[in-house]
Amino acid sequence: MGRTVVIVGIVVVAVYVLITAFVAVDVTESVIITRFGRPVRVVTEPGLVVKWPDPVETVIRLDKRLRPLDSYIGEYLTQDKKNLVLSSFILWRMVDPMKFIQTVKDTDAAERRLSDLVSSELGVAIGVYPISSFLTTGEGGSGIPEISEKVTISSREHALKEFGIEVIDVRLRRLTFPEQNLRSVYARMRAERERMAKKYRAEGEEGAARIKAQTNKEIREILANAYREAQVTKGKGDAESIRIYAEAFEKDPKFYKLTRTLEAYRKFLDEKTTLILSADSPLFRYLECPPEER
Amino acid sequence: MERRVRTSLVSIGTDIFLTSLKGTLAFLSGSLAILADAYHSFSDLIVSCTVLTGILLRRQRERKAGEPSAGSHSSDTQTTPPSPTEGAVPGYWIESLVAFFVSLVILYTAYEVVSRVMVGPLAPIRNVWIAVVGITACIAIAYLISRFKIMVGRETDSPALVADGYHSRMDMFTSIAVVLSIMGQWIGIPLDRVVAVLIAVMIAITGVNLFISSFVGFFRKSHVDVRGAWQIVFSILDWAIGIVSEHLFRRRVSLPEIDFSRLHPRVWFSRRVAIGLAILLVIIYLRSGVTTVKPDETGVRFRFGAIVDKQLEPGLHLALPWPFEKIVKVNAKRVYRVEVGFRTDPALVLSDSLLIWETKHLVKGYTKMFDEAVAFLGDENLVDASMVVHYRPLDAVVHLFKVNQIHEVIRGLAESFMKEALASEGSRLLMTDDRAHVLTRMKEMLSTEVDRLGLGVEVVAVFCHDLHPPLDAVSAYRDVFSAREDHARYINEAESYRNQELPRARAESEKQRADAAAYEMEKKVKAEGDAQKFLVTADAYQEAPDVTGYRLFVETVEQSLAGKQKYIANPRANLGGYRLWLFTPGASAGGF
């Protein structure tokens with residue numbers, strides 16, 4: 001019995017020592033080995049590391065991978081005193097484990113410090129630019145990359161020196177106006193659209209009116225031309241007929257006068273005519289004295 | 001009998017109390033060791049419940065058997081191993097099965113404690129005093145209950161209860177270890193984790209014990225008895241205390257005698273079962289070195305955390321077992337998809353989600369991320385934009401082992417480039433199909449940045465999911481479309497008027513022209529006719545002008561005067577003042 005117990009005891013101790021004395025450092029992490037809380041070694045290369053067993057030497061593992069972080073959303077004033085609501089997107093990684101563990105201790109705290117730093121640098125950078133350098137439809141495009149570059153550079157140095165963090169990239173992620181201003185922006189957008197809508201409609205009406213007027217004008221022109229031609233044609237006809245009549249009548253004016261006069265009598269002496277005839281008229285010559293007496 | 005049940009109930013009550021007390025203390029202090037201890041008490045609680053169930057089942061059976069004493073109060077069925085001639089305990093397999101699952105739960109608890117302890121930073125312990133006082137109370141309670149159990153066990157001659165009592169004493173020691181860890185923490189030596197692991201080991205031993213017991217009970221067709229494995233721990237402890245006390249006090253102090261011969265593993269643990277279990281354990285252990293890499297995956301082999309081989313082809317791969325090597329499988333060829341401005345739940349989204357400016361947001365499983373989607377255009381107008389980015393790992397290793405949360409990195413970059421690209425576009429973008437070049441630009445910028453950062457992925461495509469004015473302005477935008485339509489309609493109406501009226505006018509003019517031509521022709525022809533007629537008649541007249549002239553004259557007079565009212569007056573009869581008066585036809589009749 002006693003021997004079994006000794007063997008079991010030895011095995012338990014050996015396993016404990018093995019488990020705590022050998023540390024596998026992952027490819028994603030850096031490891032700090034502390035002896036009773038005092039950092040003694042930093043291991044950044046992955047692989048097996050030997051140390052004194054717990055609790056003499058303990059291990060602090062730190063992720064050394066690239067990490068995304070969203071900074072706080074903040075309201076900033078541009079150079080032309082417009083309020084912008086911004087947040088930035090930060091890519092960072094821990095590069096100096098010792099400094100990191102001393103100044104920020106863990107990832108959560110690091111992210112808070114980094115967020116503080118970048119927000120403040122952002123505020124400084126924004127204040128120098130007018131809003132037109134963010135938003136532009138002109139040549140050369142938006143100035144956002146330039147601003148992000150500036151913030152990246154200015155926060156990089158501080159983060160590396162103070163926190164052992166490498167700031168790889170800072171970019172603007174959220175970019176709007178404050179809620180209150182947004183409403184007026186929406187109102188403006190609506191007004192703009194309404195203006196455009198009205199313009200379209202008015203232009204449509206204008207175009208339609210122009211077409212109609214043009215059409216009416218053309219119609220009248222067509223009709224007038226037609227009238228002119230018709231008159232000319234008719235005149236020609238009249239003239240021709242006059243000429244023909246004259247030519248014919250010229251040949252025997254006496255007869256013409258006779259027949260034309262008689263025709264006229266026939267026409268104008270209608271039923272309503274009351275005639276007072278003189279008995280002296282040649283017409284009544286035979287009425288008073290027969291031809292034999294003549 | 002009744003006393004045994006009562007004691008068991010007391011034990012359960014104590015375990016419930018200890019579990020909740022330790023849980024509260026763990027919450028208050030944030031100590032991992034206390035948390036682990038709470039888990040430990042919880043596993044004890046489960047075991048106690050199992051024990052009680054066993055006792056109750058047994059009692060029922062004994063009653064059914066009608067035996068007045070069931071042997072004696074003291075000896076359980078297991079302590080005297082049942083002889084083969086004895087029949088199997090009815091329902092033994094249910095008991096074994098329950099014990100088996102309970103043991104799995106306990107083992108999982110141990111695993112849970114270890115994983116809790118191993119990840120995450122060590123938080124400083126709060127409310128140290130409360131923790132110390134609380135744990136001290138726990139120690140006292142554990143001590144009292146252990147004494148109580150041992151006493152009752154002795155009186156009723158029940159080794160099971162005695163063993164349970166020692167188990168409770170064990171709990172007391174773990175609680176002492178917890179106090180030590182808190183003290184160590186105070187001094188600055190981080191013992192919290194070590195103690196927590198030790199407790200996890202204790203929990204695991206309980207689990208293994210129950211696990212083995214369930215198998216033994218099953219194979220022996222008997223009741224499950226939760227003891228045995230504890231004896232090893234007790235003997236180690238006994239031995240250690242003996243050594244220490246001998247050296248310190250020159251006096252041998254020993255744990256009370258337990259009849260190990262009756263509890264010795266060999267009694268209930270046959271060689272065959274032992275060998276079988278050992279082989280099983282070894283196989284399970286070795287299995288951790290065997291990995292299959294599927295066709296769409298790439299394997300990465302790690303030795304002690306360092307990459308040894310990062311391009312393992314699909315197939316079966318052997319590696320050293322757990323602490324030495326591991327193979328991580330990466331889905332290297334797959335195209336991943338990142339949503340910007342919205343999220344979908346693939347399980348809920350219908351394939352034909354509506355792409356309408358405002359109704360879209362009502363689709364099930366679709367969540368609009370308003371903050372993410374709102375973007376500025378270059379003219380300070382806002383748009384609602386969302387897009388989808390497809391990316392593919394270039395290298396199995398880089399994106400997983402150099403980047404934490406690649407998905408979020410891509411999303412953040414994509415969103416920032418989307419805002420950047422839109423910030424130099426005009427509102428025209430919304431009204432035209434001019435989106436292709438914006439998307440191309442976004443993709444270029446994103447690809448360049450991803451390459452520059454060396455994220456180890458390749459941007460395959462950027463799709464515009466949605467691009468429209470903010471909801472507040474949608475109706476105004478729609479009205480612009482209507483206005484354009486109206487514009488076109490007005491013009492069309494005018495054109496149609498023109499198309500109708502111009503031909504009409506031309507028709508009218510044609511008619512007039514034709515009329516005039518007809519008139520001309522008519523005039524001329526008629527004149528010719530008249531002239532011809534005149535000439536002919538004039539010729540005839542010339543042949544006898546007097547007679548013809550006279551005839552024409554008279555015929556005309558005849559025709560024109562016939563039937564007309566006439567007065568013929570003789571000028572000679574019209575003398576002096578005589579006048580001929582004409583009256584209206586009616587009045588004239590009587591006048592003459």
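Q: How many residues of chain A are in contact with chain B?
A: This is a predicted model. In it, 102 residues of chain A are in contact with 102 residues of chain B.

Q: Which element of chain A gives the most to that side?
A: Helix H5 of chain A, residues 179–250. It puts 39 residues into the side that touches chain B.

Q: And how do the residues on that side of chain A divide into nonpolar, polar and charged?
A: There are 51 nonpolar, 29 charged and 22 polar residues on the side of chain A that touches chain B.

Q: Which strand of chain B pairs with strand E10 of chain A?
A: Strand E12 of chain B, residues 566–569. E10(A) covers residues 275–278, and the two strands pair in the parallel sense over four bridges.

Q: What stands opposite Leu277(A) there?
A: Ile568(B), in E12(B).

Q: How does strand E9 of chain A join E8(A)?
A: E9(A) is residues 165–176, and it runs antiparallel to E8(A), with ten bridges between them. In that pairing, Ser87(A) has Arg174(A) as its bridge partner.

Q: What about strand E6 of chain A?
A: E6(A), residues 67–70, is also antiparallel to E8(A), joined by four bridges.

Q: Over to chain B. Which residues of helix H15 are buried?
A: In H15(B), the buried ones are Val438(B), Met442(B), Lys443(B), Met445(B), Leu446(B) and Val450(B). Seen down the helix axis, the buried residues of H15(B) fall within an arc of 165°, so they line one face.

Q: Why would residues spaced like that point the same way?
A: An α-helix has 3.6 residues a turn, so residues three or four places apart point the same way.

Q: Which residues are exposed on the other side of H15(B)?
A: Ala436(B), His437(B), Thr440(B), Thr448(B) and Arg452(B) are exposed there.

Q: What span should H15(B) have?
A: H15(B) has 18 residues, 436–453, which should span 26 Å at 1.5 Å a residue. The end C-alpha atoms are 26 Å apart, which agrees. Just after H15(B) comes Gly454(B), with a positive phi of about 60°.

Q: What about helix H17 of chain B?
A: H17(B) has 17 residues, 545–561, and should span 24 Å at 1.5 Å a residue; its end C-alpha atoms are 23 Å apart, which agrees. Gly563(B) follows H17(B), and its phi is positive, near 75°.

Q: Last topic, the open sheet in chain B. What is its strand order?
A: E3-E2-E5, three strands with antiparallel pairing. The edge strands are E3(B), 306–312, and E5(B), 325–330; each pairs on one side only. Neighbouring strands are turned by 20° against each other on average, direction ignored.

Q: How many bridges between E2(B) and E3(B)?
A: Four, in the antiparallel sense, with E2(B) covering residues 298–303. Opposite Arg301(B) stands Asp309(B), in E3(B).

Definitions and conventions:
Residues are numbered from 1 along each chain as its sequence is written. Chains are lettered from A and ligands numbered from 1 in the order in which they are written. This is a predicted model: local features need pLDDT of at least 70, side-chain atom pairs count only at pLDDT 80 or more; totals for chains, interfaces and linings use all residues. Two strands pair if DSSP finds at least two bridges between them. Two residues are in contact if their C-beta atoms, placed from the backbone, lie within 7 Å. Ala, Val, Leu, Ile, Met, Phe, Trp, Tyr, Cys and Pro count as nonpolar, Asp, Glu, Lys and Arg as charged, and the others, Gly among them, as polar. The expected span of a helix is 1.5 Å times one less than its number of residues. A residue is buried if 20 or more other C-beta atoms lie within 10 Å of its own, exposed if 12 or fewer, and partly exposed in between; C-beta atoms are placed from the backbone. The arc is that of the directions from the helix axis to the C-beta atoms. Axes are lines fitted to C-alpha atoms, for helices over the stretch in contact, and angles run from 0 to 180 degrees between N-to-C directions.
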